[in-house]
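I opened my notebook to write down what I looked up in this structure. Here is what I was shown.

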Amino acid sequence: MFDKSQLMRGTLEGCILKIISLKITYGYEIMLTLNAYGFEDIREGTIYPLLVRLEKKGFITAEFKPSPLGPSRKYYAIAAEGMETLKEFESYWKSISKAVNTIFVLEE
């Protein structure tokens with residue numbers, strides 16, 4: 001059986017960096033964005049460990065800000081090192097997805 005967790009982990013990190021590069025946002029909103037773009041199985045329990053890892057690597061910064069709906073939220077912004085990593089991810093993703101798509105259209 002195909003184990004999608006390894007493929008998803010690296011892919012999600014790149015996608016989360018992209019979402020955060022577009023605007024300062026918080027974990028739940030990131031999850032909703034991923035869900036809206038087809039990552040329908042993604043839950044908060046998946047997102048928060050990835051955010052912690054990205055923050056520890058210095059790719060994103062975090063800051064608590066008041067929320068209009070309740071307790072303060074932790075908002076994330078992309079750091080300079082995160083932007084560099086995002087550029088590398090996008091370049092590699094385009095290359096690898098092109099190769100995979102080329103192989104999957106092969107006919108026997």
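My entries below go from the core to the helices and then to one tyrosine.

**Entry 1: the core.** First a reminder to myself: this is a predicted model. I looked up the largest nonpolar core and found that it has 19 residues. Ile-16, Ile-30, Leu-34, Ile-47 and Leu-51 are the members that touch the most others. Next I checked which elements give two or more residues to this core, and got helix 1 (5-22), helix 2 (27-36) and helix 3 (44-56). Helix 1 gives the largest share, six residues.

**Entry 2: Leu-51.** Which residues is Leu-51 in contact with, leaving aside neighbours within four places in sequence? I got Ile-16, Ile-20, Gly-27, Ile-30, Ile-60 and Tyr-76.

**Entry 3: helix 3.** I looked up the length of helix 3: 13 residues, reaching 18 Å from the first C-alpha to the last. That is close to the 18 Å expected at 1.5 Å a residue. Its buried residues include Ile-47, Leu-50, Leu-51 and Leu-54. Why do they sit on the same side of helix 3? Because they cover an arc of only 105° around the axis. On the other side of helix 3, I found Gly-45 and Lys-56 exposed. I also wanted to know what covers the buried residues of helix 3, and the list includes helix 1, helix 2, strand 2 (60-67) and strand 3 (70-78). Just after helix 3 comes Gly-58, with a positive phi of about 85°.

**Entry 4: helix 1.** Back to helix 1, which has 18 residues and reaches 26 Å from its first C-alpha to its last. Again, that's close to the expected span, 26 Å here. Among its buried residues I noted Thr-11, Glu-13, Cys-15, Ile-16 and Ile-20. What do the buried residues of helix 1 pack against? My list reads strand 1 (25-26), helix 2, helix 3, strand 2, strand 3 and helix 4 (80-104).

**Entry 5: Tyr-75.** I picked Tyr-75, which lies in strand 3. Buried or exposed? Tyr-75 has 15% relative accessibility, so it counts as buried, the cut-off being under 20%. Leaving aside neighbours within four places in sequence, its contacts include Ile-24, Thr-25, Tyr-26, Thr-61 and Pro-66. I also checked Tyr-75 against Ile-19: they're 56 residues apart in sequence and 12 Å apart in space, C-alpha to C-alpha.

Note on methods:
Residues numbered from 1 in each chain as written. Predicted model: local features only at pLDDT ≥ 70, side-chain atom pairs only at ≥ 80, totals over all residues. Heavy atoms only, no water. Core = buried A, V, L, I, M, F, W, Y, C linked by side-chain atoms within 4.5 Å. Buried < 20%, exposed > 50% of the residue type's maximum accessible area, 1.4 Å probe, protein only. Helix = DSSP H or I, 4+ residues; strand = E, 2+ residues; numbered from the N terminus. Contact = heavy atoms within 4.5 Å. Expected span 1.5 Å × (residues − 1). Arc of directions from axis to C-beta.
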